[in-house]
Amino acid sequence: PRRVAHLLGSPRPTPHSPRPMLVRAGALTGTHTMLLSRACSRLVGGRPIAARALARAQGAQGGVARALSSEAMQRASPAVPDLPDLQLPENDKSASDALIPGEVVKQLDRYIIGQAEAKKATAVAIRNRWRRQQVPPPLRDEITPKNILMIGPTGVGKTEIARRLAKMIGAPFIKVEATKFTEVGFVGRDVEQIIRDLADHAITMVRAQLVEKKRAEIAVKVEEKILDQLVGENSTTNRDSFRALLRQGLLDTRTIDVDVPEPRRQAPLDTGNGNPNSQPMNEIILRFDKLLQQGGRRSERRQMTIAEARPVLEEVYSEKIISEEDVKKAALHSVEQEGIVFIDEIDKICSRTEYRGSADASSEGVQRDLLPLIEGSTVSTKHGNINTDHILFVCSGAFHQCKPSDLLAELQGRLPIRVELQQLTEEDLYRILTEPETSLVRQQEALLQTEAVTLKFEDSALRRVAALAAAVNRDVENIGARRIHTILERVMEHISFTACERAGTTVTIDAAYVDEQVGNMVTKTDLSRFIL
């Protein structure tokens with residue numbers, strides 16, 4: 001009570017002071033706790049106080065807890081208006097419904113044709129992330145993610161599945177190429193950089209989410225700052241008039257003075273120079289910058305229009321409102337519990353059995369370095385240590401020159417779920433041209449629409465493009481759906497070149513036109529090998 005009374009500005013309790021009010025355990029509901037906390041925070045300038053005490057008072061079984069003196073309650077009561085009883089939200093099911101495997105597959109079907117097994121495996125893995133969070137803590141820590149290995153030829157949708165999942169889920173997600181990394185001891189990036197990049201991505205994602213939540217509060221502060229520049233800080237004359245004009249966008253061209261903070265120094269890439277015991281250079285620079293910035297970031301006064309100043313001021317006030325420590329704490333927890341890493345081209349670091357033991361710095365040694373990362377280890381980052389026990393790893397590779405069994409046996413054991421993606425048939429290629437919401441045909445139509453040219457593809461033309469793509473994949477080299485890009489660009493080359501001269505016209509492409517542009521090249525095997 002003495003501490004609370006001191007924070008509220010009331011005199012210390014004396015023997016003649018009113019007795020502290022007793023709050024019986026169980027008498028505080030969630031609504032009462034919320035209102036009481038609001039009252040306290042308003043009296044001390046927005047700082048919530050006695051939150052833990054209130055929580056203990058709410059959850060205690062029997063006994064009493066001293067919360068506020070009667071004098072403090074009398075002072076708090078006028079500050080809080082009469083509010084209706086608040087209904088606390090129940091368990092929010094919208095997030096869980098969005099991760100239902102059937103819904104994930106349905107969303108992937110909008111952009112990716114076929115590959116039902118791969119979609120199901122990834123959808124179940126995503127759903128298991130949510131299921132694990134609902135398990136009580138003793139067993140929750142023992143549930144590890146079932147990592148996935150996707151096997152299939154190039155151009156069938158492995159990378160596209162990862163790209164669409166990254167946009168669909170709200171969890172930290174990163175896609176990397178296995179060939180970018182080298183074995184520890186060689187100059188280059190080690191595999192632990194994957195987790196560091198994932199942490200950086202999570203920091204950016206969490207900060208953006210918090211900014212979005214505080215968008216209204218930031219907008220009010222930015223508006224007031226701009227009005228201070230227009231009419232003066234203490235002036236109330238014509239402030240409402242200027243506010244109305246500002247909200248209508250009629251003052252966006254006016255020039256004001258803005259204090260622009262210096263940009264944060266970006267740390268260089270951490271190569272480590274192959275020495276695991278050396279301190280990363282970016283850590284040294286960040287610590288030095290932190291010492292220099294203890295007094296605040298320096299700023300420079302510039303003149304700019306209101307339209308240009310608004311995003312600058314939004315960034316300034318977002319940094320003031322949002323705590324970096326809260327951002328880091330939430331981001332690290334999100335990485336450890338919900339992080340997903342997609343490692344593409346893993347077959348490129350795989351050597352055939354007869355060639356094992358080579359001196360390639362990007363081959364078998366990288367596989368050995370991946371073992372502790374996938375199994376579970378602690379990685380040191382500039383934001384703090386990250387445990388990888390519950391991070392989901394999805395690996396993919398074409399395995400043209402080698403087999404999945406050529407991977408290290410330990411790495412195979414850490415990728416228990418195997419999914420084989422099927423080669424694309426002629427019908428699949430036709431569906432790729434017609435069904436996805438962002439198909440190549442729709443993209444070409446939208447591009448020419450900017451030149452006031454209406455482009456139409458007849459169904460016979462699309463059938464012919466799919467047939468030609470399937471034929472070239474069969475006779476030359478199977479590159480999957482990427483072959484459609486090549487053939488379609490050959491078909492559109494002349495139309496795109498002359499589109500500026502065809503404004504206001506309609507261009508129709510049929511099977512005959514496709515044969516005219518591409519058909520001869522397909523029949524000449526040597527020519528198609530180099531052009532298509």
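Predicted model: local features only at pLDDT ≥ 70, side-chain atom pairs only at ≥ 80, totals over all residues.
Me: How are two packed helices described?

Reply: In general, by the angle between their axes and the distance between the axes. In this structure, take helix H20 (residues 459-475) and helix H21 (residues 482-497): their axes cross at roughly 120° and come within 9 Å. H20 and H21 are therefore oblique to each other, and their crossing is right-handed.

Me: Which residues in H20 and H21 meet?

Reply: On the H20 side, Val465, Leu468, Ala469, Val472 and Asn473 are in contact with Arg483, Ile484, Ile487 and Leu488 of H21.

Me: Now a strand, please. Why is S10 largely enclosed by the rest of the structure?

Reply: Buried means under 20% relative accessible area. In strand S10 (residues 392-397), 6 of the 6 residues are buried, so the rest of the structure largely encloses this strand. Look at each face in turn: Leu392, Val394 and Ser396 are buried on one side, and Phe393, Cys395 and Gly397 are buried on the other.

Me: In which sense do S3 and S7 pair with S10?

Reply: Strand S3 (residues 148-151) pairs with S10 in the parallel sense over 4 bridges, with Met150 bridging to Ser396. Strand S7 (residues 340-344) also pairs with S10 in the parallel sense, over 4 bridges; there, Phe342 has Val394 as its bridge partner.

Definitions and conventions. Residues numbered from 1 in each chain as written. Heavy atoms only, no water. Buried < 20%, exposed > 50% of the residue type's maximum accessible area, 1.4 Å probe, protein only. Helix = DSSP H or I, 4+ residues; strand = E, 2+ residues; numbered from the N terminus. Pairing = 2+ DSSP bridges. Axes fitted to C-alpha atoms, helices over the stretch in contact; angles between N-to-C directions. Parallel < 35°, antiparallel > 145°, perpendicular 65-115°, else oblique. Left-handed = near helix turned anticlockwise from the far one by under 90°. Contact = heavy atoms within 4.5 Å.
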